[in-house]
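I opened this structure for the first time today. These are my notes, in the order I looked things up.

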Amino acid sequence: MPLFRTDTGALIPVPRIAFKNEKALQTLVEKSLVAAFNARFVASEFRTGALHGGRIDTLALSEENNPVIVEYKNVESSDLITQSLFYLHWLADHRGDFEKAAHQTLGRGIEVDWADIRVICLAPNYKRYDLHAVQVMGANIELWKYRLFADQTLYLEEINPEPVPGSTEPGPGKNPVMVIAGRKAAVTRVTGSYSFDEHLEGKSDLICEIANEVHDFVTGLDKQIVSVPKKLYVAYKVSQNIVCMELRKQHVTLFIKLDPKSIPNLPGNARDVTNIGHYGTGDFELVLRTTE
C-alpha cells in the first residue's frame, strides 16, 4: 500500500524503509503495546528453560487478562508461524511461569484468564501457505503485516485468512436463523475455546436476529474487524476491542469503547457503566430489545 504526503498540495510518495533489525521493531512495539494492541508488557526475551531451549520475544497481558505472545520477523519467513505455535504450546503447559512473570511486572493482584492465549505475529509479509496453515490450525494466531516509511510512520494491518466456504442452503427441518448464525460463526476467529453459535444456543429467534444484525453491522464497518467469542460475550476487535456483545434472555447488551461523558444526550437504552462492574470491555452500555 503506497503512502503519500499531501502538505504541498500534490501527492508526494513516501518511500518505504526497513528496520535495522528485528530488535528495533521489537523495542518499538514493546514501548507501545497499549497503543498497538491494548496489552500490558510483562517480559522481553523470556527464556523457556534449558530443556525447551527457546526464548519468547515479548510476553504481555491483554485487556481481558489473557496471556499474549508477540513474535517478530524483519523478513518474510514461515518459521515465524511454527515458532509461535511452539511457544503457544509451551506457555499452555507452563502457566505458573507466566503468572510469576506477570505478578513481578504488574503486581500480585493480577488474575490471569487462561481461557484464551493470544499470539501475534509481526512480519513484512506472509506466504499464501502460511495463511492456509493458520486457518486450519485452529489456534488463535494473528498474522500482522507492517510497513515502515521514511517519515517514521508505521502501518499495521492484520491479515485475515479467507474462511472455508460452506453450504448456504439450510437442510430440511433446520431453523434458518440458526443456520445463518452457524455460517457467521464460521467466519469468526477460532479461539479453540468458544464459538459464536454457542452464544446463540437456547436464545429466541428474536435475540438471534438482533445478534446477527449487530454482527453484520460491526464487521461491515471495516474488513479488518473480526469477532472473537469469549465465555461470557463476543468481542469485536481490530488490534483491540471496539465493542463487546452479551446475549441475554430478553435483550442484547453492547459495551462500546466510547466515553459516555462525550455524548450530550444518552438515548433511553444507554447508560454510563464506567464505575459499574460488567464483563465486556467498554464504558458505554447499549441495550437492544428489537432490531429497530
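**Entry 1: two helices.** At what angle do α3 and α4 pack, and how far apart are their axes? I am reading a predicted model, where local features need pLDDT of at least 70, side-chain atom pairs count only at pLDDT 80 or more, and totals for chains, interfaces and linings use all residues. Residues are numbered from 1 along each chain as its sequence is written, and side-chain values use heavy atoms, with hydrogens and water left out. The answer is an angle of about 85°, with the axes 5 Å apart. That makes α3 roughly perpendicular to α4 (65 to 115 degrees counts as roughly perpendicular, under 35 as roughly parallel, over 145 as roughly antiparallel, and the rest as oblique). Axes here are lines fitted to C-alpha atoms, for helices over the stretch in contact, and angles run from 0 to 180 degrees between N-to-C directions. I then looked up the residues that meet. Trp90, Leu91, Ala92 and Asp93 come from α3, and Arg95, Asp97 and Phe98 come from α4. Contact means heavy atoms within 4.5 Å.

**Entry 2: the whole chain.** I noted 8 helices and 15 strands. Helices (H or I, at least four residues) and strands (E, at least two) are DSSP runs, numbered from the N terminus. The chain has 292 residues, and 43% of them count as buried. Buried means under 20% relative accessible area, exposed over 50%, and partly exposed in between (1.4 Å probe, protein chains only). Among contacts between residues at least 6 apart in sequence, 56% join residues at least 24 apart.

**Entry 3: the cores.** Which residues have the most contacts inside the largest nonpolar core? I found Val42, Leu59, Leu91, Phe98, Tyr126 and Leu143, in a core of 28 residues. A nonpolar core is a set of buried Ala, Val, Leu, Ile, Met, Phe, Trp, Tyr and Cys residues joined through side-chain atoms within 4.5 Å. β4, β5, α3, α4, β7 and β8 each give two or more residues to this core. The largest share, 6 residues, comes from α3. Leaving aside neighbours within four places in sequence, its contacts include Ile81, Cys121, Tyr126 and Val134. A second, separate core has 21 residues, among them Ile207, Val214, Val218 and Phe284.

**Entry 4: helix α1.** Which residues of α1 are buried? Leu25, Gln26, Val29 and Glu30 are, in a helix that spans residues 22-31. They lie on the same side of α1, because they cover an arc of only 125° around the axis. The arc is taken from the directions from the helix axis to the C-beta atoms. These residues pack against α2, β4, β5, β6, β7 and β8. At the start of α1, I found a side-chain oxygen of asparagine 21 within 3.2 Å of the backbone nitrogen of lysine 23.

Entry 5: Glutamate 64 sits in the loop between β5 and β6. Its relative accessibility is 11%, so glutamate 64 counts as buried. Its side chain makes polar contacts with the side chains of tyrosine 233 at 2.8 Å and asparagine 241 at 2.9 Å. A polar contact is a pair of N or O atoms within 3.5 Å; within protein, one must be able to donate a hydrogen and the other to accept it, and residues adjacent in sequence count only if both atoms are side-chain atoms. Asparagine 241 also has a polar contact of 3.0 Å with the side chain of threonine 281. Threonine 281 lies in the loop between β14 and β15 and is buried, at 14% relative accessibility. Glutamate 64 and threonine 281 touch as well.

**Entry 6: threonine 253.** Is threonine 253 buried or exposed? At 2% relative accessibility, threonine 253 counts as buried. Threonine 253 is in strand β13, and its side chain makes a polar contact of 3.3 Å with the side chain of histidine 251.

**Entry 7: positive phi.** Most residues other than glycine have a negative phi. Glutamate 45, in strand β4, has a positive phi near 50°. Asparagine 65, in the loop between β5 and β6, has a positive phi of about 65°. Glutamate 45 is partly exposed at 24%, and asparagine 65 is partly exposed at 23%.
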